[in-house]
Amino acid sequence: MADIIQLLPDSIANQIAAGEVVQRPASVVKELLENAIDAGGTHIKLIIKEAGKQLIQVIDNGVGMSTTDARMSFERHATSKIRTAADLNAIRTLGFRGEALASIAAVAQVDLKSKKHGEELGTHIVLEGSDLIKQESCETPGGTNLQVKNLFFNVPARRKFLKSNTVELRHIIDEFQRVAIAHPDIMFEVFHNNVETYHLPSSTLRKRVVNLFGKNMNDKLVPIEEETDLCKISGFIGKPEAAKRSRGEQFFLINGRFIKSPYLNHAVVGAYEEIIPAKSYPFYLLALEMDPERIDINVHPTKQEIKFEDERLIYNIVKAAVRHALSQYNIAPSLDFDQSPILANIGTAVPDHNTRDKIIIPSSFSRDQRPDASGWENMFEGMEKRDNTPVAPATIIESSEAQDRKAPVQLHLTYILSQIKSGFMLIDQQYAHERILYERNLSLIQQQKASSQRLLFPKTYSLSTQDTALIKDLLPSINALGFEIEEFGKDTFIIHGIPAHLSNLPEEASLFDEFLEQFKLNVDLELSKEQRLALSLARSGCIKRGVALQTMEMEAIIDQLFACNVPYKSPTGKKCFITFELDELQSKF
Ligand code: ADP
Ligand code: MG
């Protein structure tokens, strides 16, 4: 039987490769802009017609190409950016696969003019579906001017599946913004259908953000600047009030390259936990600089996903850095990273250039140390979980070799002493309960699902005109917490019910008074209205110091505390517990 395997002709191979690299006009925009940047362009012009379906043109003042290079650039695997396999581990340029121009030329009509600076004449090359149509000398400024016309003209099925101009243009703008934000020092101009849509002079990063996303961004940016052994993080995060309802501007840059990373996004969002409402998205622009040898950018054909050697470590560093920035700007209750169980066991102190407080960044860990499995998860290992209430997200006790947990002990009517695997911990009953109630209240407000306990004798309240105005404004949210309060004539309200989860308080009658007082006291905290309400009710409704607790109550507090999202701090930033290691005890004897 005759042999049947043949090598594909280049033109077909290029078209197949184009399927990976060129999905839509925006992919071409990205590749051409990146080439212009790699070529050292300082002024780059992007011209678009019909959302890129008719024309995508990029003009740069970079190094330009010789005639041979200009011709070579359209060959597959033709690149000036790597020569040896070892170069792959130290890539600093945006492109390196040598695939983009070959792929683009396979599915479009391409017109290239390029000249090296100092040369008299440049080169003009025209290609159609990989076929060379024209090659001649031409007059052209130093740099490169590349036009990509009628994308997918020879692949009708793909052209047909392009989306509307609005959608394709949106994709182009997204790509453009990513590039522009990664290179504030480069001047960019964008024209769509002959209208200038962006004019971005070379500037600082802050200015670039403002020029791209609007003047009102200026006072919403909180700078980030952290340096660890592993990486350097800089950029901006948005103040909580700049968070948007739709996923807006969020950028990770690794060594100047935009990447998508749901994993790191999770780290940032985690740092904003409780500071912004659920389902809203903070602005962030975080530029990580690190040794290229510790990342693999080769995993994705268009290079938007990368793999880190030390993924978990980077995760923790990013989260800690964002937290740190937020707390420095007094947006989050200041978190004392020294004591954060997340980092405490694996971290070493890194001197902070701002010297205000210090941030602990884990510097090394062995894989089985589970640095992101927040410390406390392991604390009870080997001990049985007491009740079956679902505890999310941190499942406290997960062990097959269950063993009875020691009963907690109350000290000085204030602290709960509880044995843990590595020693014991002291829990401040008031701070712990504040945290528990705070998270519960917040979720009740958000879900509007609070139930109310009707009072046997409804209580009438007369308030000052000022307080009346305040309450009126808050009434829907207060009732969402489980109160049942009704306006009753001038400056008077009737309380029919109080939150069911607080109805067993001995001082239930004064709960509302205290709640109101707390709410007024907390005005200075930079919290949303919902958070302030949740906090005020937590502080007024919590178990205070000096209250005797039954064993079951103490156990409930422990279980509920460690089911919280942020168990280690009260909502106002006080430690909820401290731990003591057995070694530490032994050394004292
Ligand atoms: P890669 O960027 O991965 O090297 P491309 O197919 O995008 O591959 O480009 C191939 C080569 O063409 C580049 O390595 C570079 O030498 C050259 N080139 C492409 N665009 C430009 C440009 N705007 N200015 C100068 N050289 C360019
Ligand atoms: Mg390229």
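**Notebook: ligand 1 and its surroundings**

I started at the ligand: a backbone N or O atom of L101 lies 2.9 Å from an oxygen atom of ligand 1. I count a polar contact as a pair of N or O atoms within 3.5 Å; within protein, one must be able to donate a hydrogen and the other to accept it, and residues adjacent in sequence count only if both atoms are side-chain atoms. For A100, I found a backbone N or O atom 3.3 Å from an oxygen atom of ligand 1. T144 uses its side chain: an N or O atom there is 3.1 Å from a nitrogen atom of ligand 1. On its own, ligand 1 has 530 Å² of accessible area, and the protein covers 91% of this. I took areas from the Shrake-Rupley method with a 1.4 Å probe; for residues, only the protein chains shown count as cover.

Some notes on provenance. This is a predicted model, where local features need pLDDT of at least 70 and side-chain atom pairs count only at pLDDT 80 or more, while totals for chains, interfaces and linings use all residues. Residues are numbered from 1 along each chain as its sequence is written, chains are lettered from A and ligands numbered from 1 in the order in which they are written, and side-chain values use heavy atoms, with hydrogens and water left out.

Next, the shell. I listed 18 residues around ligand 1, and N35, T79, S80, K81 and G98 come nearest. Near means a heavy atom within 4 Å. By class, I have 7 nonpolar, 7 polar and 4 charged residues. Helices α2 (25-38) and α4 (100-106) each supply at least two shell residues. Helices (H or I, at least four residues) and strands (E, at least two) are DSSP runs, numbered from the N terminus.

I then checked E99, in the loop between α3 (67-72) and α4. E99 is buried, because its relative accessible area is 12%; buried means under 20%, exposed over 50%, partly exposed in between. Beyond neighbours within four places in sequence, E99 is in contact (heavy atoms within 4.5 Å) with V21 and H77.

Last, I looked at strand β10 (residues 231-238). In β10, 7 of 8 residues are buried. Strand β9 (residues 221-227) pairs with β10 in the antiparallel sense over 7 bridges; pairing needs at least two DSSP bridges. The two form a hairpin with 3 residues between them. β10 also pairs with β13 (residues 284-290), antiparallel, over 7 bridges. I237 is the bridge partner of V222 and stands opposite Y284 in β13.

Notes:
Nonpolar A, V, L, I, M, F, W, Y, C, P; charged D, E, K, R; others polar. Buried < 20%, exposed > 50% of the residue type's maximum accessible area, 1.4 Å probe, protein only.
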